[in-house]
There are 2 protein chains.
Amino acid sequence: MQNTYAIGIDVGGTNTDLGLVRDDSKIVSRRSLPTGNYALIEPYVQDIIDQIKEMLAEGDPEAGVTSIRMDELTGIGMGAPNGNFYTGCVEWAPNLPIRGLLDFQKEFGKHTSIPFVLSNDANAAAYGEYVYGGAKGMEHFIMITLGTGVGSGIVVDGRLVHGSTGTAGELGHNILIPNGRRCTCGRKGCLETYTSARGIVQTYIELRNEKGVPQEAPRMKGWITADIEDSYITSKMIGDAANAGDPLAKETYCMVANWLGLACANACTFSAPEAIFLMGGPTKVGEPLLQPLREAFEENLLNIYKGRCEIRMSELATNEVAILGAAALIKLKK
Amino acid sequence: MQNTYAIGIDVGGTNTDLGLVRDDSKIVSRRSLPTGNYALIEPYVQDIIDQIKEMLAEGDPEAGVTSIRMDELTGIGMGAPNGNFYTGCVEWAPNLPIRGLLDFQKEFGKHTSIPFVLSNDANAAAYGEYVYGGAKGMEHFIMITLGTGVGSGIVVDGRLVHGSTGTAGELGHNILIPNGRRCTCGRKGCLETYTSARGIVQTYIELRNEKGVPQEAPRMKGWITADIEDSYITSKMIGDAANAGDPLAKETYCMVANWLGLACANACTFSAPEAIFLMGGPTKVGEPLLQPLREAFEENLLNIYKGRCEIRMSELATNEVAILGAAALIKLKK
């Protein structure tokens, strides 16, 4: 059987990564553009198209393919913040340098007639997991992405939930704690304020202010010491400290796990997923998060779902998931 | 065009209501059985079948149909607590006198080979609204039923969400207030504990204990007076008092509206529905609930959904929705 190829494009605030993806989930070649260089959509898409043409001209040497024609591609998939599946537009994404309502569907249409599919980045990650990763064959699952913010993609009956607006699946803005922490969205108590990288740092700092750093910290390898200023602390640093046994860092991840476990249990009352997948920087801490998370999840889970949904880590490589996810979107039906 | 007919069966803890439903949403005839009379599934289903045969023999005189054969029916739909769409079984429903795992799919199969479809009662109500009511043509909406408990049915892409277990859509057991009121499910803070009939009464009693009944209550028509004991107070009584201007009753429904508005806003982050429909006794109070509910909903709604989802009342008659909803289930694809 002959290979098929798609293009996956991940639009980030800093970089735009794109890759030529073979149907067996191999990223054959990849490129990167600095998103910040573009103030307008036209030159941005023009440069993306030029990069795609370069990759196509190189072909897939490993598979003995010397070059690929644009019209041989199954399509171009793009994951972007605030990407709307129905309209093919990015709608006023606060983190992108190109402002306003960006009609990528139309702009790519000027260059090629192959299918173009857009969705938000977390939806793309979820669908990547479904097509290429650990969710293969699952008809009902949820992907939660922890990073600067918290995103989610929800799959029901094997289909990504886009909702009536094209922008469904924003569990990061589910209000977990009424009147809780102030969120960048202008409301209070969103999941994101507790389980994003920023939320994790805030929890650590609050704990440190309340309890003080343990006296033995300077003598313990990997613990966070009192002389490190708040503004230097990252979720990665807290994760490393938790793995080194720092009790404040461990307690931080326990609290994060309690919040996330509650959110995951609540999500089950909606779509009764087979699994909830997690990905993103803060999940890399491993057991200091996962062990209390599984406990909190089971504790908060309604009886009828107990033992019927598991928390799992994304099986896609961190540096591949965004491109694979975007390419997977091509397989979605409009 | 010739009419088609289906049977809708609503299994309640007290009564089992069934009806012969014409495709234009007319309930041609109906029957009722006392659920409590049955300890075993076999005689229960036998009696239901006998009642169906009676209704079929009577036909649909209004449409000039003298009798209908069982094999002319499009199917039998049943809404029941803990009804599992995938298995056709009712799974250990605490409020039913017939105990255990009840295989209705198999039991009805002994009597007839026409399609049989089972789902839970709130799902049936949602699908009834889709097929016969105000949600016609909506691909994404949610039905929330307020009663003794709080149930929900979720429609995504025109399909009822049943999830991996067959029991998805239990928003009544979404934990709204962490460590909040104790719920019958054994956990704490479920939406149901705040917005069910019982939750409404609890809120009123708490307010009354805290603030006391207004001095002028005995002179005001329809207000709840201090001499009425807690155990006599119902959500209906509080609703009537709210409409008569009783400030404690009004405050009670304001609080209920705030909780329900938050829950509805949270539901939007999941499936971005076009509308959230409400039904059930406590919603009949009208404006004392609906006006603060719409305010709380908009206030708690994430920006991208503002103005794109409305709170609406079910358009089906209270005494018809359960039978119509059950009959509508026949139109679901497995």
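This is a predicted model: local features need pLDDT of at least 70, side-chain atom pairs count only at pLDDT 80 or more; totals for chains, interfaces and linings use all residues.
1. Extent of the interface. On the chain A side, 43 residues are in contact with 44 residues of chain B. The area buried between the two chains is about 3,500 Å². Carbon and sulfur atoms give 57% of that area.

2. Polar links across the interface. Between chain A and chain B there are 18 residue pairs in polar contact, counting pairs in which both residues are at pLDDT 80 or more. The number of salt bridges between chain A and chain B is two. In the pair R159(A) and D157(B), which forms a salt bridge, the closest N and O atoms are 3.5 Å apart.

3. Elements that supply the interface. On the side of chain A that touches chain B, at least two residues come from each of strand 10 (150–156), strand 11 (159–160), helix 7 (247–271) and helix 8 (287–300) of chain A. Helix 7 of chain A gives the largest share, six residues. Sorted by class, this side of chain A has 22 nonpolar, 13 polar and eight charged residues.

4. Symmetry. Chain A is superposed on chain B by a rotation of 180 degrees with 0.0 Å of shift along the axis, at an RMSD of 0.0 Å. The two copies are therefore related as by a two-fold rotation axis. Of the interface residues of chain A, 100% are also interface residues in chain B, so the copies meet through the same surface.

5. The five-strand sheet of chain A. This is an open sheet with the strand order 11-10-9-12-13 and mixed pairing. Strand 11 and strand 13 (310–313) of chain A are at the edges; each has a single partner strand, so one side of each is without a neighbour in the sheet. Strand 11 of chain A also supplies at least two residues of the side that touches chain B. Within the sheet, strand 9 (residues 141–146) and strand 12 (residues 275–279) of chain A run parallel and are joined by five bridges. One of the residues involved is F141(A), whose bridge partner in strand 12 of chain A is A275(A).

6. A three-strand sheet of chain B. Here the order is 5-6-7, the sheet is open and the pairing is antiparallel. Strand 5 (83–84) and strand 7 (101–103) of chain B are the edge strands, and each pairs on one side only. Strand 6 (residues 89–91) of chain B is joined to strand 7 of chain B by three bridges, with the two strands running antiparallel. E91(B) has L101(B) as its bridge partner in strand 7 of chain B.

7. Salt bridges overall. Over all chains, the structure holds 34 salt bridges. Among them is the one between R22(A) and E62(A), with the closest N and O atoms 3.1 Å apart. R22(A) lies in strand 2 (residues 15–22) of chain A, and E62(A) lies in the loop between helix 1 (41–58) and strand 4 (76–79) of chain A, so this pair ties together parts that are 40 residues apart in sequence.

Definitions and conventions:
Residues are numbered from 1 along each chain as its sequence is written. Chains are lettered from A and ligands numbered from 1 in the order in which they are written. Side-chain values use heavy atoms; hydrogens and water are left out. Contact means heavy atoms within 4.5 Å. Buried area is the accessible area (1.4 Å probe) that two parts lose on being put together, summed over both. A salt bridge is a side-chain nitrogen of Lys or Arg within 4 Å of a carboxyl oxygen of Asp or Glu. A polar contact is a pair of N or O atoms within 3.5 Å; within protein, one must be able to donate a hydrogen and the other to accept it, and residues adjacent in sequence count only if both atoms are side-chain atoms. Helices (H or I, at least four residues) and strands (E, at least two) are DSSP runs, numbered from the N terminus. Ala, Val, Leu, Ile, Met, Phe, Trp, Tyr, Cys and Pro count as nonpolar, Asp, Glu, Lys and Arg as charged, and the others, Gly among them, as polar. Copies are superposed by least squares on the C-alpha atoms of residues with pLDDT of at least 70 in both. Two strands pair if DSSP finds at least two bridges between them.
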